Number of protein chains: 2
Amino acid sequence: MPDSEYREIRKLDLFAHMADDNFTSLMRGAYVQNFPAQIELITEGEPSDFLHIVVSGSVDLFSTWNGRETSMATVRPISTFILAATIKDAPYLMSARTLEKSRIALIPSQDVRAIFGADSNFARAIVTELAQCYRSIIKAQKDLKLRTSLERLANYLLRQQRHAGGGAAFELDFEKRRLASVLGMTPENLSRAFKGLQPYGVSVTGTRISIDNQADLERFAKPNPLIDDFST
Amino acid sequence: MPDSEYREIRKLDLFAHMADDNFTSLMRGAYVQNFPAQIELITEGEPSDFLHIVVSGSVDLFSTWNGRETSMATVRPISTFILAATIKDAPYLMSARTLEKSRIALIPSQDVRAIFGADSNFARAIVTELAQCYRSIIKAQKDLKLRTSLERLANYLLRQQRHAGGGAAFELDFEKRRLASVLGMTPENLSRAFKGLQPYGVSVTGTRISIDNQADLERFAKPNPLIDDFST
DNA sequence: CGATAACTTGACATCCTTCAAGGGTTGTGG
DNA sequence: CCACAACCCTTGAAGGATGTCAAGTTATCG
């Protein structure tokens, strides 16, 4: 593993405060690999042999049932995924595929579990990370159960806008068909939802979004920190 | 706190393997209280001052937005709730109310966080518990996004049946209006969904369910361990 | 018993999905 | 550089699923 990546992983919240020895032994069994786009990294139901870390690129977490498929989340650098399965030594609940050319670090799950017991700073970091993941999904669940698809889209746009710096115009960070899946609707329905937001001053050109009437959109979307804030 | 309850809490996975001293000091700041039915124990958005443990009775976790409300989960003895908020020292994402007369133990959140750092067995237990909660919600999210309401009901009945011992007839463990909310539909729609399952051999009398054709129902419901199993 | 609340049922509106077709973009090979 | 294929996005039409409103029925509890 290149030294720059080693240091970058070390800086992750998950690893930042653990003892040097423990980090070194974690990394000893780890390896980093390049993957092209659209490669399935893991499949739901398989045993969780490795904790994965997205070093560069991006990864889609998705699930399937009875011929249907839905996108659950997107993982971007630098963060981990399937931490819970690693901890519990249980099968993956989601599949993962690269969205673009990506660099992924893999750490054997048993090493993670072993070091967890030996390094309380690492343990604390894992708990914090897990609690964060848990709360993120609770928010997603609230979003899905309490809002219509139009409201979900409106709030997504406001979140994305904030994430992009807060300007009136910004880019969607992934293709619409997958945005539709993340928001729990069909691509056709998303197209119509964008039109449905025009009266609130939203205009769309390709992947470029422009919010022409911030107040109107917010009045409609009613964003709520207990659903839409990333940090808390 | 009565000695019997003290020992019962001690036996919880979360506390079973921690050092005596640490458990004692955790319990020193804790107190137990009786609540009547329909009491709102916590409100989303408030700071998380206490880790809650349901000793007896049952508690509904729910969320609201824009005048709507949805039931997220039910907590039954003996387990904890809002662990993630306690760990992160962040506001509650869900509200909680008693469904019946209930006995609740409250442990100051800061004590939990303090002991976490001092007791690695406790830390490990918290991680396991959190990972469990995380995976439960992932399953709920998959249930919601990948299935129609009829399929969700069918699979819920199969889960409930198994939970009740596996016999052809069993009782719903809470009222239908809240079951509807848990399953993400309206009470009216739930009524119709029950009728929609009649062709698959499901009959309903009040809260009593009878599955007259197990194979038919399972063929329709297509239960999946990665969505419907409690344990993994 | 009432009285209140839960549940059911019907009619209707709305939302959403599905299917089909067309327009636009991207990437590739001639 | 162009032609073509493949894919994504959009749009329309139709049908299905779900939510809403209103009324009636049943259950529950004081």
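In chain B of this predicted model, strand S3 (residues 50–56) runs antiparallel to S6(B), and three bridges join the two.

Ser63(B) has Thr70(B) in S5(B) as its bridge partner. The two strands form a hairpin with two residues between them, and Asn66(B), in the turn, has a positive phi of about 55°.

A second open sheet in chain B has three strands, in the order S9-S11-S10, and its pairing is also antiparallel. Strand S9 (169–171) and strand S10 (202–205) of chain B are the edge strands, each pairing on one side only. Neighbouring strands in this sheet are turned by 20° against each other on average, with direction ignored. S10(B) pairs with strand S11 (residues 208–211) of chain B in the antiparallel sense, over four bridges. Within that pairing, Val204(B) stands opposite Ile209(B) in S11(B).

Some backbone geometry deserves a separate look. Most residues other than glycine have a negative phi, and most peptide bonds are trans. In chain A, the peptide bond from Pro77(A) to Ile78(A) is cis, with omega near -20°. Ile78(A) lies in the loop between strand S5 (68–75) and strand S6 (79–81) of chain A. In chain B, a cis peptide bond joins Pro77(B) and Ile78(B), with omega about -20°, and Ile78(B) is in the loop between S5 and S6 of that chain. Gln38(A) is a residue other than glycine with a positive phi, near 65°. Its place is the loop between strand S1 (31–35) and strand S2 (40–42) of chain A.

How is chain A related to chain B? A rotation of 180° with 0.0 Å of shift along its axis superposes chain A on chain B, with an RMSD of 0.0 Å. That is the relation of a two-fold axis. The same surface serves both copies, as 98% of the contact residues of chain A recur in chain B.

How many cavities of 30 Å³ or more does a search of the whole structure find? The search finds two. The largest cavity holds about 80 Å³ of space. From chain A, its lining takes Tyr134(A), Arg135(A) and Ile138(A). From chain B, the lining takes Ile82(B), Leu83(B), Ala84(B), Ala85(B), Leu93(B) and Met94(B). The elements that give two or more residues to this lining are helix H5 (120–146) of chain A and helix H3 (83–88) of chain B. By class, the residues divide into eight nonpolar, no polar and one charged.

The second largest cavity has a volume of about 70 Å³. Its lining consists of Ile82(A), Ala84(A), Ala85(A), Tyr92(A), Leu93(A) and Met94(A), with Tyr134(B), Arg135(B) and Ile138(B) from the other chain. Helix H3 (83–88) of chain A and helix H5 (120–146) of chain B each supply at least two residues of the lining. H5(B) gives the most, with three residues. The lining of the second largest cavity has eight nonpolar residues, no polar ones and one charged.

Key
Residues are numbered from 1 along each chain as its sequence is written. Chains are lettered from A and ligands numbered from 1 in the order in which they are written. This is a predicted model: local features need pLDDT of at least 70, side-chain atom pairs count only at pLDDT 80 or more; totals for chains, interfaces and linings use all residues. Side-chain values use heavy atoms; hydrogens and water are left out. On a 1 Å grid over the protein atoms alone, a cavity is a set of points where a 1.4 Å probe fits but cannot get out, and a pocket is an open set with protein on both sides within 12 Å along at least five of seven lines; lining residues have an atom within 4 Å of a point. Grid points are joined across faces, edges and corners, and a volume is the space filled by probe spheres set on the points. Ala, Val, Leu, Ile, Met, Phe, Trp, Tyr, Cys and Pro count as nonpolar, Asp, Glu, Lys and Arg as charged, and the others, Gly among them, as polar. Copies are superposed by least squares on the C-alpha atoms of residues with pLDDT of at least 70 in both. Contact means heavy atoms within 4.5 Å. Two strands pair if DSSP finds at least two bridges between them. Axes are lines fitted to C-alpha atoms, for helices over the stretch in contact, and angles run from 0 to 180 degrees between N-to-C directions.
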